[in-house]
Amino acid sequence: MSGVHEDFGEKIGGAKKDLWKDRGLYADDLEAMNEREAEKFVKKDNVWKKPDYAAMLEEGIPLGVVYFIKKARDGLNASPQYYRTDDTSEKRTARQKEYIKTVRELQTVLSDVRTVEDAVRAYDRFFVDNGYLEKVQGWGSGIHYRATKKGQDNPVITNKLSNTMLIRSAEYFERNFTQKAKKEQFCVSKEQKIPKGYAIHLNDGKHTYSKNEDWKPGTYYVTKGY
């Protein structure tokens, strides 16, 4: 009899999951869950489905921008974090709802990012516009950011996320996103990836790696190490 009961419970949980599996979890969905289900299902990947980064590239979004979106999403905790004071089911539920809301806020901001300029603006749009940070005029050092109480009280707002999203200049973006994406062969299929230690060079008529000058322009050269 206990086996039948457990199966029935699993089916009920599955039916609830069908309601949000395509659109992702919203805070209101917790009203239909018990504590065990909430602990199981309130995860980043259930709130914000993993984006199709390859499809973004096909749409024409620059490589570095797509990589920025990925790294910003990666900067979120995979599941809600709790403080020691979150010692009741009501407080844990409130923290779960806060987590879902914050993840959704970042998702909304990043869904509009299509250019490097958009990526630069994403920091203020998420942290400042949502009240997690405020801009402060420093003495002779220009404007800097300071955490608000709302930001300090929300465990989703971390230094990791802030450091990932803060773009200091176009050169910084190029170095930390575009070049890193190329180096990591981000979104390159397994069949097309260059094996570790190897590099492919194109002779464009100006640069050559051939000691005997017999490398023809318009062809490629494969190297390993030096």
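Residues are numbered from 1 along each chain as its sequence is written, and side-chain values use heavy atoms, with hydrogens and water left out. In this predicted model, local features need pLDDT of at least 70 and side-chain atom pairs count only at pLDDT 80 or more, while totals for chains, interfaces and linings use all residues.

I start with the nonpolar patch. Ile-200, Leu-202, Tyr-220 and Val-222 form it on the surface, and together they have about 430 Å² of accessible area (Shrake-Rupley method, 1.4 Å probe). Two or more of its residues come from strand 3 (198–202), and likewise from strand 4 (220–224). Tyr-220 sits in strand 4 and counts as exposed because its relative accessibility is 59% (exposed is over 50%, buried under 20%, partly exposed in between).

Next, the positive patch. Which residues gather there? They are Lys-71, Lys-160, Arg-175, Lys-180 and Lys-183. Patch residues have over 30% relative accessible area and no salt bridge, with like charges joined within 9 Å and nonpolar side chains within 5 Å; a salt bridge puts a Lys or Arg side-chain nitrogen within 4 Å of an Asp or Glu carboxyl oxygen. Helix 10 (residues 170–183) gives the largest share, three residues. Lys-71 lies in helix 5 (residues 63–74) and is partly exposed, at 31% relative accessible area.

Last, Asp-86. This residue is in the loop between helix 5 and helix 6 (89–110). Is Asp-86 buried or exposed? It is buried, because its relative accessibility is 9%. Its side chain makes a polar contact (N or O atoms within 3.5 Å) with the side chain of Arg-95, at 3.0 Å.

Notes. Helix = DSSP H or I, 4+ residues; strand = E, 2+ residues; numbered from the N terminus. Buried < 20%, exposed > 50% of the residue type's maximum accessible area, 1.4 Å probe, protein only. Lys, Arg positive; Asp, Glu negative; His and termini not counted. Charge placed at Lys NZ, Arg CZ, Asp CG, Glu CD. Polar contact = N/O pair within 3.5 Å; in protein donor to acceptor, adjacent residues only side chain to side chain.
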